[in-house]
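Hi there,

Here is the structure I promised to pass on. Please have a look at it first, and then read my notes below.

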Amino acid sequence: LKEGDFAKLIFCVGNEPSERIWVILTDCTDTMAWKGKTDNDPVGLQTAKVLPAGSEVTFHPLDIIATE
């Protein structure tokens, strides 16, 4: 994967069910912590407050559940 690719991650916020959110990769240089921006708005109200589309996130590459 490279910058600009899409990766799907699972996010859990509060007591809401987990949500699968697409992330656009922005930095894949660190093997332990990649960075990206969320590409869609979550359904859950708490999750939407914390992770609206365009939110910057840092994650481990093994957290990716799907790519596009």
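**Strand pairing and the rest**

K37 has E56 of strand β4 standing opposite it. That pair belongs to the antiparallel pairing of β3 with β4 (residues 56–59), which has four bridges. Two strands count as paired here if DSSP finds at least two bridges between them.

Before I go on, a word on the source: this is a predicted model, in which local features need pLDDT of at least 70 and side-chain atom pairs count only at pLDDT 80 or more, while totals for chains, interfaces and linings use all residues. Residues are numbered from 1 along each chain as its sequence is written, and side-chain values use heavy atoms, with hydrogens and water left out.

On its other pairing, β3 (residues 34–38) is joined to β2 (residues 19–27) by four bridges, again in the antiparallel sense. Within that pairing, D27 has K35 of β3 as its bridge partner. Six residues lie between β2 and β3, and the two strands form a hairpin.

Along the sequence, the order of elements is β-β-β-α-β-β, that is, one helix and five strands. Both kinds of element are DSSP runs numbered from the N terminus (helices: H or I, at least four residues; strands: E, at least two). The radius of gyration is 11 Å, close to the 11 Å that the globule rule gives for 68 residues, so the protein is as compact as a globular protein of that length. The radius is taken over C-alpha atoms, and the rule is 2.2 Å times the number of residues to the power 0.38. Along the principal axes, the C-alpha atoms fill a box of roughly 30 × 20 × 20 Å.

How many salt bridges does the whole structure hold? The search finds one, between D5 and K2, whose closest N and O atoms are 3.2 Å apart. The criterion is a side-chain nitrogen of Lys or Arg within 4 Å of a carboxyl oxygen of Asp or Glu. D5 is buried at 16% relative accessible area, whereas K2 is exposed at 53%. For these words, buried is under 20% relative accessible area, exposed is over 50%, and partly exposed is in between (1.4 Å probe, protein chains only).

As for disulfides (a pair of cysteine sulfur atoms within 2.5 Å), the structure has zero. C12 is exposed, with 63% relative accessibility, and C28 is buried, with 18%. Over the whole protein, 35% of the 68 residues are buried.

Enjoy looking through it!

Best wishes
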